[in-house]
Amino acid sequence: MTTRPEPKPYILGIHAYVPGKATASDGRKLVKLSANENPLGTSPAALEALEQARGEAASYPDPDAKALRAAIADLHSLDAERIVCGTGSDELLNLAAQGFAGVGDEVLFSRHSFAVYDIAARRCGAEPVEVDDRDYTADVDAILAAVTPKTRVVFLANPNNPTGTWIAPAEVERLHAGLPADVLLVVDEAYAEYLDPAHQRIGFELAAKRDNVLVTRTFSKIHGLAAERIGWATGAPGLIDVLNRIRGPFNVTVSGQKAALAALGDTGFVEASRDHNSAERARFVEAISALGNHGLSAVPSEANFVLVRFDGDVKAETALTAIAEAGYAVRHLPSQGLPDALRITIGKSEDMERVIATLRELCGETA
Ligand SMILES: Cc1ncc(COP(=O)(O)O)c(C=O)c1O
């Protein structure tokens, strides 16, 4: 007999999620380019909604987030009955694994993809199975080849974090078409709004037509509401029903629901955020390419961050320290098999200029 509560062995296999840093090792506060947040902040309309919600702190939120779901459905031409909101899309990713996988099952995802998938699989006792990617991009053939009778859930981040790469709509369709009908495909579209609008709907189209596709989205990125923790998912009624059974009953706060509703209406802010990201990302990638003779390269990104590789004399760790000395936190992910790279969020113009200047200086290229 043991003398204390024994955790499930599969829970002890979890390495807790490590969030992007905001301070240097000496405690100095850094500008965060480490968590893929929106450098333009939050839509003024959403901020006003947050302010108004302060008066309602004593009341529970609408457990079904009806107004928010209706507005999401309206904006994206979806069916509100096929939408569920979550405490960030993190909650929904975890619930998707929990609802459809368990001990003895397998959950597939690409190498170098979102760290939460491994946690979501282990939380419910399933085995996380990492599939090799190609050029930091999900490899549809490799994923399909890794499917076994034990596979219950496949996670695809599109665009992907931490690499920024994406697969085109036809590839998402090919992935879905190759999966057995009883395997759930979760298309995690946390960064979809940064894609060319012509490429943003493939997940929605599959989720509307197929019984085994769940698409997740978030208000944390382009809408600048990461602090409020609001995500949503769309899929077949049977999938949404499962998530509704196991989610927290009041999982999206009053302020979160109101702010998200206001943010949806502020399409100008979303467009400005996308335009800022495209322009600054292009400028940053060009600057990194110019340092190619020092071994620096940028993995092609469709998201609000860029994975920069360091394959020459300047090491990723040295760059991490120099960038921190300049006042910025960026992401080094050796634990995700990326010891020679840094993931750098696209920030404000002046911040990107300083990061570029720091890298140039490290390479001995001071103008
Ligand atoms: C690919 C991906 N999915 C989901 C999330 C979770 O976002 P949230 O829980 O804030 O909605 C993130 C956050 O960084 C992400 O990078």
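Predicted model: local features only at pLDDT ≥ 70, side-chain atom pairs only at ≥ 80, totals over all residues.
## Ligand site

The ligand is surrounded by 13 residues, and the closest of these are Ser89, Asn161, Asp188, Thr218 and Ser220. Sorted by class, this shell holds 5 polar, 4 charged and 4 nonpolar residues. Helix H4, which spans residues 88-100, supplies the largest share of the shell, with 4 residues.

Tyr191 contributes through its side chain, where an N or O atom is 2.7 Å from an oxygen atom of the ligand. Arg229 also contributes through its side chain, with a polar atom 2.7 Å from a ligand oxygen. On its own the ligand has 400 Å² of accessible area, and the protein covers 94% of that area.

## Largest pocket

The largest pocket holds about 900 Å³ of space. Its lining consists of 41 residues, and those nearest the centre of the pocket are Val18, Arg331, His332, Leu333 and Ser335. Several elements give two or more residues to this lining: the helices are H5 (116-123) and H12 (316-325), and the strands are S3 (106-110), S11 (328-329) and S12 (331-333).

Helix H12 provides the largest share of the lining of this pocket, with 4 residues. By class, the lining of the largest pocket comprises 18 nonpolar, 13 polar and 10 charged residues.

## Cavities

There are 2 cavities of 30 Å³ or more in the structure. The largest cavity has a volume of about 60 Å³. Its lining is formed by Ser110, Ser113, Thr137, Ala138, Ile143, Phe155, Leu156, Ala157, Asn160 and Thr165. Strand S5 gives the most to this lining, with 3 residues. The lining of the largest cavity has 5 nonpolar and 5 polar residues, and no charged residues.

The second largest cavity has a volume of about 40 Å³. The residues that line the second largest cavity are Asn38, Pro39, Leu40, Tyr194, Ser273, His276, Asn277, Asn304 and Ile346. By class they divide into 4 nonpolar and 5 polar residues, again with no charged residue.

The peptide bond that runs from Asn158 to Pro159 is cis, and its omega is near 0 degrees. Pro159 is placed in the loop between strand S5 (151-157) and helix H7 (169-178). Another cis peptide bond joins Asn161 and Pro162, with omega about 20 degrees. Pro162 is likewise found in the loop between S5 and H7.

Asn161, joined to Pro162 by a cis bond, is one of the residues closest to the ligand. Asn160 is among the residues that line the largest cavity, and S5 is the element that gives the most to the lining of that cavity.

## Positive phi at Asn36

Asn36 is a residue other than glycine with a positive phi, near 55 degrees. Asn36 lies in the loop between strand S1 (31-32) and helix H2 (44-53). With regard to the second cavity, the residues lining the second largest cavity include Asn38, Pro39 and Leu40.

Key
Residues numbered from 1 in each chain as written. Heavy atoms only, no water. Near = heavy atom within 4 Å. Polar contact = N/O pair within 3.5 Å; in protein donor to acceptor, adjacent residues only side chain to side chain. Areas by Shrake-Rupley, 256 points an atom, 1.4 Å probe, with all protein chains shown as cover. Nonpolar A, V, L, I, M, F, W, Y, C, P; charged D, E, K, R; others polar. 1 Å grid on protein atoms, 1.4 Å probe; cavity = no way out; pocket = protein on both sides within 12 Å on 5 of 7 lines; lining within 4 Å. Points joined across faces, edges and corners; volume = space filled by probe spheres on them.
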